[in-house]
Amino acid sequence: MSRSFDKIDDVIDCGSGSSLDNLGPLTYILSVNPLSAGENNVGRFLDKANILFTIRTGAVPTSTLALLFEVVGSTTLDRLTLDDFVILNEWHSYAVTWTGSMTDATTVKMYRDEVEASSYAVTANGATRTSDAASSQLIGANAAGSATTDGLIAYVHIFNRVLDINEMRQIRRFPGSITRGLVGFWPFWGGSPEPDYSGNKNNGTVTGALLSTNNPPINGVFQVPRPELSYAF
């Protein structure tokens with residue numbers, strides 16, 4: 001299954017459990033089939049107050065269907081891909097990895113189907129990170145309700161470490177099969193609330209975001225936490 005976000009007010013609120021707070025190092029990886037850049041051209045994939053992973057079109061510098069990762073601090077860390085990194089009307093796996101360094105934005109790397117962006121339009125170092133511990137981990141929108149995704153999201157994973165390419169490839173083909181460092185896994189099978197299968201009980205309260213049978217192509221999925229498979233593809 002997947003969840004459909006309406007570009008208006010749909011969101012999944014996964015709470016503010018300590019396992020999700022102030023992550024860095026981290027990996028976000030999820031499958032997305034977007035219809036547009038989303039509400040106000042900044043549709044969020046993932047948002048936790050002061051850290052976000054989003055499509056961006058417009059703004060300064062001007063961009064079109066770029067992918068942005070941002071961490072707020074006394075100076076904000078930003079990394080933005082070149083245009084057209086996000087592809088509309090197709091399922092792809094999008095990922096970001098970050099070492100946690102606020103002063104070295106080059107440690108942020110963004111991927112589509114395990115291929116890193118060839119270069120970046122913006123690489124801006126930050127300083128003195130602002131805590132996100134008091135804020136909920138949101139999927140598909142921001143807290144203000146002004147940046148909702150337009151399209152489908154499935155198989156959302158959050159890790160507290162940097163994954164390598166082979167691990168990302170395995171996750172795309174077998175969601176849920178890597179568990180080391182997994183702090184959130186929402187396959188969107190239609191629970192109420194939507195269960196977190198990482199074992200950390202970061203269950204998601206669903207507002208809108210209807211279930212869809214339009215799913216990304218996978219080889220199989222793991223419903224419960226289990227050790228990593230030892231092979232790569």
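**Backbone close-ups in a predicted model**

Leu 65 is buried, with a relative accessible area of 13%, in this predicted model.

**View A. Leu 65 carries a positive phi.** Here we look at the backbone of Leu 65, where phi is about 50 degrees although the residue is not a glycine. Leu 65 belongs to strand 6, which covers residues 63-71. Its side of the story on accessibility is simple: Leu 65 counts as buried because its 13% relative accessible area is under the 20% cut-off. As background, most residues other than glycine have a negative phi.

**View B. Ala 209 also has a positive phi and is not a glycine.** For Ala 209, phi is near 45 degrees. Ala 209 sits in the loop between strand 17 and strand 18 (210-212). How large is the relative accessible area of Ala 209? The value is 0%, so Ala 209 is buried.

**View C. A cis peptide bond leads from Gly 24 to Pro 25.** Omega for the bond between Gly 24 and Pro 25 is near 15 degrees. You will find Pro 25 in the loop that runs between strand 2 (11-13) and strand 3 (26-34). For orientation, most peptide bonds are trans.

**View D. Ser 192 and Pro 193 are joined by a cis peptide bond.** In this view, omega from Ser 192 to Pro 193 is near 0 degrees. Where does Pro 193 lie? Pro 193 is in the loop between strand 16 (182-186) and strand 17 (205-207).

Notes: Residues numbered from 1 in each chain as written. Predicted model: local features only at pLDDT ≥ 70, side-chain atom pairs only at ≥ 80, totals over all residues. Heavy atoms only, no water. Helix = DSSP H or I, 4+ residues; strand = E, 2+ residues; numbered from the N terminus. Buried < 20%, exposed > 50% of the residue type's maximum accessible area, 1.4 Å probe, protein only.
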